[in-house]
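Dear colleague,

Please find below the structure that I am handing over to you, together with its sequence. My notes on it follow directly after.

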Amino acid sequence: MLLFMKTKLNPPARLLAGLVMLLTLGAGQQPVQNAAAPLANPLGYGIGDAVANFRLKNVDGRTVSLADFKDGKGAIIVFTCNHCPFSRAYEDRVIALNQRFMSQGFPVIGINPNDPAAYEEDSFENMKVRAREKGYSFPYLADETQEVARAFGATRTPYVVVLKREGDKFTVQYMGTIDDNSQDAGSVTHRYVEDAVNNLLAGKPVGLNTTKSVGCAIKWKTV
Amino acid sequence: MISSVIRFSFLLILLALAQRATAQQVRVVKWPELQTLMSQATDTTYVFNFWATWCKPCLQELPALEALNQAVRGQKVKFLLISMDFVNQLESKVLPLVRSRKLTCPVVLLNETDHNTLIDQIDRSWSGSLPATLIINHQKNRRKLIERPLNFNELRVELTPFL
């Protein structure tokens with residue numbers, strides 16, 4: 001499946017492959033030795049893919065687009081929200097990521113993908129309150145149509161995608177979780193996002209570019 | 001009068017003891033223990049449900065799991081609800097919920113923090129979102145992970161081929 005992720009497929013082919021994958025998983029004939037390789041987000045961007053520009057409303061009332069970050073080296077996209085205990089456990093670490101990497105050209109862009117009808121805590125008004133209380137130094141955007149989360153193949157919060165900018169193109173370099181200990185920042189041994197960004201800053205390959213975590217499933221709007 | 005007070009207190013103590021006896025305990029487990037359980041060569045079908053008290057769809061799914069557990073009584077099926085809550089919320093969140101809902105399926109709390117490693121060890125097709133249900137029958141060489149909340153009928157349909 002890593003092969004699949006690395007293979008450049010045009011969007012319809014990717015969609016088809018994803019559907020085939022889902023159908024295969026649904027067939028209930030998986031071997032006991034789970035040989036099937038991981039595919040966290042069958043329909044979203046893969047490593048190396050160029051990302052489409054997006055424009056979302058920020059808690060300060062202004063609209064922020066990815067293209068606004070054309071002077072930096074990339075961006076750290078963090079799908080997060082107010083209500084999720086995992087997002088809250090990582091909140092200070094997300095703030096620290098921005099403090100550390102914004103000045104080096106990798107600012108954090110927070111995006112809340114949840115349907116506020118499902119979680120009142122995730123409403124735009126409550127996003128403003130949270131950003132003010134915690135003094136967010138980065139944009140905290142509302143993905144009201146959830147199109148951005150879908151494009152990135154996000155399924156849960158928190159979920160991080162590190163992008164590298166070349167010209168006006170942003171490409172996916174890392175997707176997954178922030179580090180290897182959601183419960184206790186003091187006991188972390190692997191800082192996946194930091195390592196990825198540091199490697200990019202050093203002009204080196206990212207290394208481990210996809211990780212998994214338990215998180216809060218994104219609540220999708222019912223169509 | 002005094003004797004009735006004594007009798008009443010005695011009754012209260014008995015009730016409290018009975019309550020204690022039925023109230024489910026939630027054991028904290030690590031991955032190796034669960035792995036052993038998941039890889040046992042047995043003809044029993046195991047239904048593992050990964051959930052958390054903070055996960056709304058998980059809580060909505062619990063009654064269906066409980067009902068199916070009752071419905072397949074006497075068959076070789078074992079249910080295990082695996083809470084992914086933080087271990088420091090065992091007393092404050094997990095136990096109160098397990099008791100207020102009078103859960104009859106056994107519940108454990110999986111205390112592992114390195115999820116990137118853990119999730120693939122449990123099932124490589126799992127992205128990590130909750131709830132997730134893993135059904136295993138080794139003798140039938142069958143295994144299936146379902147990464148979404150299921151209702152009673154969906155659960156039954158998923159379980160049937162394992163029985």
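Leaving aside its neighbours within four places in sequence, which residues is Leu130(B) in contact with? In this predicted model, Leu130(B) contacts Val214(A), Gly215(A) and Ala217(A) from chain A, and Phe50(B), Trp51(B), Ala52(B), Trp54(B), Cys55(B), Cys58(B) and Met84(B) from chain B. Leu130(B) is also among the four residues that touch the most other members of the largest nonpolar core, the others being Met38(B), Phe50(B) and Ile82(B). That core comprises 85 residues. A separate, second core has 25 residues, including Ile47(A), Leu141(A), Val148(A) and Ile218(A).

Chain B

Chain B contains an open sheet of six strands with mixed pairing, in the order β1-β4-β3-β2-β5-β6. The edges are formed by β1 (27-29) and β6 (142-146) of chain B; each has a single partner strand, so one side of each lacks a neighbour in the sheet. On average, and ignoring direction, neighbouring strands of this sheet are turned by 25° against each other. Within the sheet, β3 (residues 77-83) and β4 (residues 107-110) of chain B run parallel and are joined by three bridges. Ser83(B) is placed opposite Leu109(B) of β4(B).

Helix α6 (residues 152-159) of chain B lies across β2 (45-51), β3, β5 (132-137) and β6 of that chain, and runs at about 30° to β5(B). The helix α6(B) also packs with α3 (residues 56-71) of chain B, at an angle of about 50° and with the axes 9 Å apart. The two helices α3(B) and α6(B) are therefore oblique to each other, and α3(B) passes α6(B) in a right-handed crossing. On the side of α3(B), the residues involved are Ala64(B), Leu65(B), Ala67(B), Leu68(B) and Ala71(B); they meet Phe152(B), Leu155(B), Arg156(B) and Leu159(B) of α6(B).

Chain A

Chain A has six helices and nine strands, and 53% of its 223 residues are buried. Of the contacts in chain A between residues at least 6 apart in sequence, 75% join residues at least 24 apart.

How are α3 (residues 85-101) and α6 (residues 192-201) of chain A packed, and at what angle? Their angle is about 15°, with the axes 12 Å apart, which makes α3(A) roughly parallel to α6(A). The crossing of α3(A) past α6(A) is right-handed. Leu97(A), Arg100(A) and Phe101(A) of α3(A) make the contact with Val193(A), Glu194(A), Val197(A), Asn198(A) and Leu201(A) of α6(A).

Ser87(A) is located in helix α3 of chain A. With a relative accessibility of 4%, Ser87(A) counts as buried. Not counting residues up to four places away in sequence, Ser87(A) touches Thr80(A), Cys81(A), Thr157(A) and Pro158(A).

Finally, I draw your attention to a hairpin in chain A. Strand β7 (residues 159-166) of chain A runs antiparallel to β8(A), and seven bridges join them. Glu166(A) stands opposite Lys169(A) of β8(A). Two residues lie between the strands of this hairpin, where Gly167(A) adopts a positive phi near 65°. Is strand β8 (residues 169-176) of chain A enclosed or open? Seven of its eight residues are buried, so β8(A) is largely enclosed by the rest of the structure.

With kind regards

How values were computed
Residues numbered from 1 in each chain as written. Chains lettered and ligands numbered in written order. Predicted model: local features only at pLDDT ≥ 70, side-chain atom pairs only at ≥ 80, totals over all residues. Heavy atoms only, no water. Core = buried A, V, L, I, M, F, W, Y, C linked by side-chain atoms within 4.5 Å. Buried < 20%, exposed > 50% of the residue type's maximum accessible area, 1.4 Å probe, protein only. Contact = heavy atoms within 4.5 Å. Pairing = 2+ DSSP bridges. Helix = DSSP H or I, 4+ residues; strand = E, 2+ residues; numbered from the N terminus. Axes fitted to C-alpha atoms, helices over the stretch in contact; angles between N-to-C directions. Parallel < 35°, antiparallel > 145°, perpendicular 65-115°, else oblique. Left-handed = near helix turned anticlockwise from the far one by under 90°.
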